[in-house]
Amino acid sequence: MAGRIKDEDIALVRERARIDDIVGSYVTLKNAGGGSLKGLCPFHDEKSPSFNVTPARGFFYCFGCQEGGDVIDFIQKIDQISFSEAVETLAAKVGIQLRYDDSGAPVQRGPGNQRPRLVEAHKVAAEFYVEQLFGAAEAATGRQFLAKRGFDKDAAVYFGVGFSPRGGEALTNHLRGRGFTNAELLASGLSADGQRGLYDRFRGRLMWPIRDASSDVIGFGARRLFDDDRIEAKYLNTPETPIYKKSKVLYGVDLARREIAKGRQAVVVEGYTDVMACHLAGVQTAVATCGTAFGDDHARVLRQLLLDHDQFRGEVIFTFDGDEAGQRAALKAFAGDQAFASQTYVAVEPDGLDPCDLRLQKGDAAVRELIGRRVPLYRFVLANVLSKYDLDRADTRIDALRDAARLVISIRDRSKVDAFTRELAGHLGMDEDQVRSEVYRAASRSANTPAPTAVGDAAQGAVRRTDIPSPRDQRYVIEWDVLKVAMQHPALVGVAFDELDDHDFTHPWLGAIRAAMAKAGGPAAAPPGEAWVVAVRDAVGNDPAAAVVGALAVDPLRLGREPDEPYAQALLARLQELTCARRIQDLKSKLQRTNPIDRPDEYNRMFGELIALEAYRSDLRKKAISGAI
């Protein structure tokens, strides 16, 4: 249990932790105009970017899944931790020492709250391992291993490579001396529990620190060095911990992410030394999985870094060994090819050398040439499929055609199907029309196969909060625009906004936002920047309308220029005009249902009100037109 974090420290974290820097560690953001940035949402799969970040207001919002909030909300959602845990995580990143109000309500610390301490433990461990590699006599084997593979001391330091002592308790004791508890050492995965107490999980191994996209060390990869190592596995990795999930981690992503975004290219290699070799050779977009096969979560990470969508394609290049295991890896990668909008390629060295050995034997240029000679993954897999058949026999050529036709129809870019059909006909030495007919039959069989129910279930799961008003719905466009100006440029609407009431907003969520703005003091008294957005969100509270606050903060105005006061006042007039039009329509309906002979006083009163409303509406329309909205 701990006291409540002081409000002024929470405000300082929001101020210091720039949302574009924090979100940019996970997602590549591009300028979307109007002071907004855009990328692929990290909270749901999408083919086109609908995730917006507005640094000036410190908010993000996804128009695809409706996730939104400030920088603290982002860390809460991405790391699945509580509010206080997210504040502590951000404070550690920006160097703020938090203070706690011990008289306040206690905060229950859950497993997720361990992140700052676990990250710190890994940072200390990484420094310890590096010191051991260059200072301990027993680490000579590790230094020789690196040297034999072409890595000098500068390279080892750059990648943070270290050595874990063979004794068994050196790191555990070192971390204890730095104030870490047994519970934290176990939770980190750096220590394990035995009959005689805690001991080092990694002993007598060469150590690679595994960092996340924000450069925090979250785990290690450990290479066997000694023949008498009782653990025979060549590589060991940190077990699953609160901060390390191997299916979502790519080694080298901290070094490669900016080059991946800039060059629109990601190179996926198979090991730590391959990543080192590629980067040192000039291929600075290389990453590797950590003790597991490349999967959907890895693809999702790369898509977010590549800003991978149909209108802005890059390329993903896989490198595989030329052996049977490499062939299987290529087939597995092709099975997940549909996850990318980018073109997928494969680079295989003819002599079967991996990038590390290739650099060692033939130099840096050979590594760059390997990547430059990449071929479409489809072609590589097609050659693998055809290699299983004796193409000199007519009967097995037919079998090869049927097998390969299924591959052709799986090509994502439909415009290339005809070209690959002709290519397949050339490989088989068969008539092009015969091959095309088999491709069409394969496509027909595929179309008649019911899709897995899991796909439908996943699609349903992605549709949430169906009551949320769409900013593209013409019924609510003006209401959205008014609230966006009030949120993003509150001084422009000023006290005139106070004249609005719930009747001016036809969607209850938008009406709730207006009420929250009034509760927060109104736009005329709005604090600057992010503080106003936070105040409005806090005023909304737990109402579902809170989901709209982030959207209002990041959605660019439909203006094409900076808004001014005439524009804002014209918007207010247009909104009030629409309200007036609804009142006129209601009044006309009542007049039609009222008999002027039976109820003359009521009829005349409503008729007079109608004339006044029509005049008022005319004035509002003139104001709206004058602002050129």
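**Burial, a sheet and a pocket in a predicted model**

Modeller: Buried residues make up 49% of the 629 residues in the chain. The model is a predicted one.

Biologist: What makes a residue count as buried?

Modeller: A relative accessible area under 20%. By that cut-off, 49% of the chain is buried.

Biologist: Why is helix α25 called largely enclosed?

Modeller: Eight of the nine residues in α25 (residues 546-554) are buried, so the rest of the structure largely encloses this helix. The buried ones are Ala547, Val548, Val549, Gly550, Ala551, Leu552, Ala553 and Val554.

Biologist: What covers the buried residues of α25?

Modeller: The cover includes the strands β3 (36-39), β4 (51-54) and β5 (59-62). It also includes the helices α21 (477-488), α23 (508-519) and α24 (530-540).

Biologist: What makes β8 and β13 edge strands?

Modeller: The open sheet has four strands in the order β8-β11-β12-β13, with antiparallel pairing. β8 (162-164) and β13 (235-237) each pair on one side only. Neighbouring strands of this sheet are turned by 35 degrees against each other on average, direction ignored.

Biologist: Which strands does each of the helices α5 and α11 lie across?

Modeller: Helix α5 (residues 115-135) lies across β8, β11 and β12 (217-224), at about 35 degrees to β12. Helix α11 (residues 272-281) lies across β11, β12 and β13, at about 70 degrees to β11.

Biologist: What makes a residue part of the lining of the largest pocket, and how many are there?

Modeller: A lining residue has an atom within 4 Å of a pocket point. The largest pocket is lined by 29 residues, and its volume is about 1,000 Å³. Nearest its centre lie Tyr26, Ile78, Asp79, Lys245 and Lys248.

Biologist: Which helix gives the largest share of the lining?

Modeller: α12, with four residues. Both α3 (71-79) and α12 (296-306) supply at least two residues each.

Terms used:
Residues numbered from 1 in each chain as written. Predicted model: local features only at pLDDT ≥ 70, side-chain atom pairs only at ≥ 80, totals over all residues. Heavy atoms only, no water. 1 Å grid on protein atoms, 1.4 Å probe; cavity = no way out; pocket = protein on both sides within 12 Å on 5 of 7 lines; lining within 4 Å. Points joined across faces, edges and corners; volume = space filled by probe spheres on them. Pairing = 2+ DSSP bridges. Axes fitted to C-alpha atoms, helices over the stretch in contact; angles between N-to-C directions. Contact = heavy atoms within 4.5 Å. Buried < 20%, exposed > 50% of the residue type's maximum accessible area, 1.4 Å probe, protein only.
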